[in-house]
Amino acid sequence: MKKRALALLSGGLDSSLAVKLVQEQGIEVKALHFYTGFCITEFKRRLGQTKEDGTPYVNPALKAAAQLGVPLEIVDISEEYYDVVINPKYGYGKNVNPCVDCRIMMLRKAKEIMEREGYDFIVTGEVLYQRPMSQTPERLKLIEKEAGLEGLILRPLSAKVLPPTIPEKEGWVDRSKLLGIRGRSRKVQIELAKKYGLDYEQPAGGCCYLTDETYAARFKEAYATEGIITRDDLVLFAVGRHLRLPSGTKLIVARNKGEVNFLKGFRNRYGYAYRKDGKGTFALIKGNPTEDELQLIADIVARYSKNEPSKVAIHLGEREIELIGTPPDDQFLERFKIYAKKEVSHGR
């Protein structure tokens with residue numbers, strides 16, 4: 001009987017090529033795309049942002065599945081993923097990316113679907129040693145064991161430098177037609193993309209906010225200051241400018257219209273401030289500012305609106321305060337900003 005495989009499809013080049021290599025061997029493939037809530041492209045789409053050429057952001061997995069001609073199921077694991085981010089069993093990578101735990105969770109979900117729908121094995125686009133935390137031989141083996149899929153995960157791009165899997169041993173796929181890529185170079189993949197005529201986007205700063213330095217800096221600062229990370233925090237770390245006032249109150253200031261509209265969705269849970277005439281930014285107030293800080297908030301809103309003296313409305317529960325904000329000097333504001341070290345060194 002024709003064998004059937006489930007493929008984890010991020011929409012990137014590696015996962016797309018993995019699907020293509022398996023398709024060439026007559027395997028029926030269905031793609032799975034796991035939504036964690038931390039995809040940079042998806043978040044930019046939600047904010048209404050566009051690429052440099054003015055085109056809108058789209059889910060890369062949808063685009064890749066269309067090119068490959070495979071059915072795609074998007075699996076939302078965002079609610080459960082919160083616990084993985086906060087308490088990863090195998091720790092974080094360079095920033096706050098729980099890559100090993102993330103992979104285990106996705107593969108466990110894939111196993112459930114595989115068994116329920118009668119698929120034979122799992123395909124991924126992982127490349128040996130491409131990612132130092134999760135793609136070493138030891139970690140790949142650990143992930144398989146924890147997911148309950150030992151021998152059933154085929155990695156076509158690196159198969160020849162990994163132990164044979166059940167699909168190879170059983171002759172479901174021809175090992176000789178698979179690849180032996182290892183390391184971070186993508187020369188082989190790029191050439192294959194040309195051969196197959198696959199259109200793909202170059203990765204720019206990673207595909208997950210948890211690998212982003214600024215996001216990680218905000219995460220770590222919030223945990224050190226507040227002692228807890230909420231579900232709202234995990235979303236808000238990706239939006240706006242973040243400033244910590246002397247009392248411990250945090251101010252999150254929108255940088256563009258998309259962020260203004262997004263942050264307004266949190267008005268029922270936090271205090272907020274905006275330029276009274278509506279011509280400017282919007283800021284969430286997370287915490288309880290002192291009376292002296294109310295003027296500072298008004299000044300900051302004025303700075304990031306039209307950078308001119310402005311009437312600012314501040315809402316704290318049932319209380320509304322109107323103040324004239326005077327834009328402070330940027331050097332003065334530096335002391336409050338929450339930055340990644342790399343950003344600080346660039347003076348941004």
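Helix 1 (13–23) has buried residues, and what covers them includes strand 1 (4–8), strand 2 (28–35), helix 3 (60–68), strand 4 (121–123), strand 5 (153–154) and helix 8 (187–196). Buried means under 20% relative accessible area, exposed over 50%, and partly exposed in between, with a 1.4 Å probe and protein chains only. Helices (H or I, at least four residues) and strands (E, at least two) are DSSP runs, numbered from the N terminus.

This is a predicted model: local features need pLDDT of at least 70, side-chain atom pairs count only at pLDDT 80 or more, and totals for chains, interfaces and linings use all residues. Residues are numbered from 1 along each chain as its sequence is written, and side-chain values use heavy atoms, with hydrogens and water left out.

Stay with helix 1 for a moment. Nine of its eleven residues are buried, so the helix is mostly covered. Among them are Leu 13, Asp 14, Ser 15 and Ser 16. Leu 17, Ala 18 and Val 19 are also buried, as are Leu 21 and Val 22.

Five strands form an open sheet in the order 3-2-1-4-5, and the pairing is parallel. Strand 3 (72–76) and strand 5 stand at the edges, each with a single partner strand, so one side of each has no neighbour in the sheet. Two strands pair if DSSP finds at least two bridges between them. Strand 1 and strand 2 run parallel, joined by five bridges. Here Leu 6 stands opposite Lys 30 of strand 2. Strand 1 is mostly covered, with four of its five residues buried. Strand 4 and strand 5 also pair in the parallel sense, over two bridges. Ile 122 has Ile 153, in strand 5, as its bridge partner. In a regular strand the side chains alternate between the two faces of the sheet.

Beyond strand 4 comes a loop. Thr 136 is found in the loop between strand 4 and helix 6 (137–147). Thr 136 counts as buried because its relative accessibility is 16%. Leaving out residues up to four places away in sequence, Thr 136 touches Leu 128, Tyr 129 and Arg 131. Contact means heavy atoms within 4.5 Å.

Arg 108 belongs to helix 5 (residues 99–117). With a relative accessible area of 41%, Arg 108 is partly exposed. Setting aside neighbours within four places in sequence, Arg 108 is in contact with Glu 146 and Ala 147. Arg 108 and Ile 143 are 35 residues apart along the chain, and their C-alpha atoms are separated by 9.7 Å.

Further along lies helix 11 (residues 257–264). Gly 258, Glu 259, Val 260, Phe 262 and Leu 263 are buried in helix 11. Their cover includes helix 2 (40–46), helix 10 (231–236), strand 7 (250–253) and strand 9 (282–286). At the start of helix 11, a side-chain oxygen of Asn 256 comes to within 3.2 Å of the backbone nitrogen of Gly 258.

Step back to the whole chain. The chain holds 14 helices and eleven strands. Its C-alpha atoms fill a box of roughly 75 × 40 × 40 Å, taken along the principal axes. Of the 348 residues in the chain, 51% are buried. Among contacts between residues at least 6 apart in sequence, 63% join residues at least 24 apart.

Terms used. A polar contact is a pair of N or O atoms within 3.5 Å; within protein, one must be able to donate a hydrogen and the other to accept it, and residues adjacent in sequence count only if both atoms are side-chain atoms.
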